[in-house]
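Here are some exercises to work through with the sequence and the 3D view side by side. Try each task on your own before you read its solution.

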Amino acid sequence: RMETGLLEKILNGGQYDIFKKLLAQPGQFGTLKNRLSVTNSIGKVYAKTGTLAATKALAGFVESSKGILIFSIIGDELTIPCYLAMDVIDDTVYQHAKYLQDKNLM
């Protein structure tokens, strides 16, 4: 909740358009270059990745024509390979954004 609370303050603080340009985007340069390409069908993702020995994280925003989803996902003490954890995290972001968009909640 702390991370999403911070992202919510950034979104509502008047500097969001500047801040989001500092974050990675799928298909662009950076840590999301080869990730989250499926989200292009529902909106633009701006996010920050995080990695430690057995931890993978992703936090940021999904912008769609219907609104903005703020998300933060942290997988800690992982017992699966990192690439699988990244796939699960990416799919979770996509599924949540798609659900909210389909239900007109975003």
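**Exercise 1. Find how many bridges join β1 to β2, and state which way the two strands run.**

Step 1: Locate the strands, which are DSSP runs of E with at least two residues, while helices are runs of H or I with at least four, both numbered from the N terminus.
Step 2: Count the links: nine bridges join β1 to β2, and the two strands run antiparallel. One example is K48, whose bridge partner in β2 is A59.

A note before you go on: this is a predicted model, where local features need pLDDT of at least 70, side-chain atom pairs count only at pLDDT 80 or more, and totals for chains, interfaces and linings use all residues. Residues are numbered from 1 along each chain as its sequence is written, and side-chain values use heavy atoms, with hydrogens and water left out.

**Exercise 2. Work out the strand order of the open sheet and name its edge strands.**

Step 1: Two strands pair if DSSP finds at least two bridges between them. The three strands of this open sheet follow the order β1-β2-β3, with antiparallel pairing.
Step 2: β1 and β3 each pair on one side only, which makes them the edge strands.

**Exercise 3. Explain why the buried residues of α3 line one face.**

Step 1: Buried means under 20% relative accessible area, exposed over 50%, and partly exposed in between (1.4 Å probe, protein chains only). In α3, the buried residues are A85, I89, D90, V93, Y94, A97 and Q101.
Step 2: Seen down the helix axis, these buried residues fall within an arc of 165 degrees, so they line one face of α3. The arc is taken from the directions from the axis to the C-beta atoms.
Step 3: This buried set packs against β2 and β3, where contact means heavy atoms within 4.5 Å.
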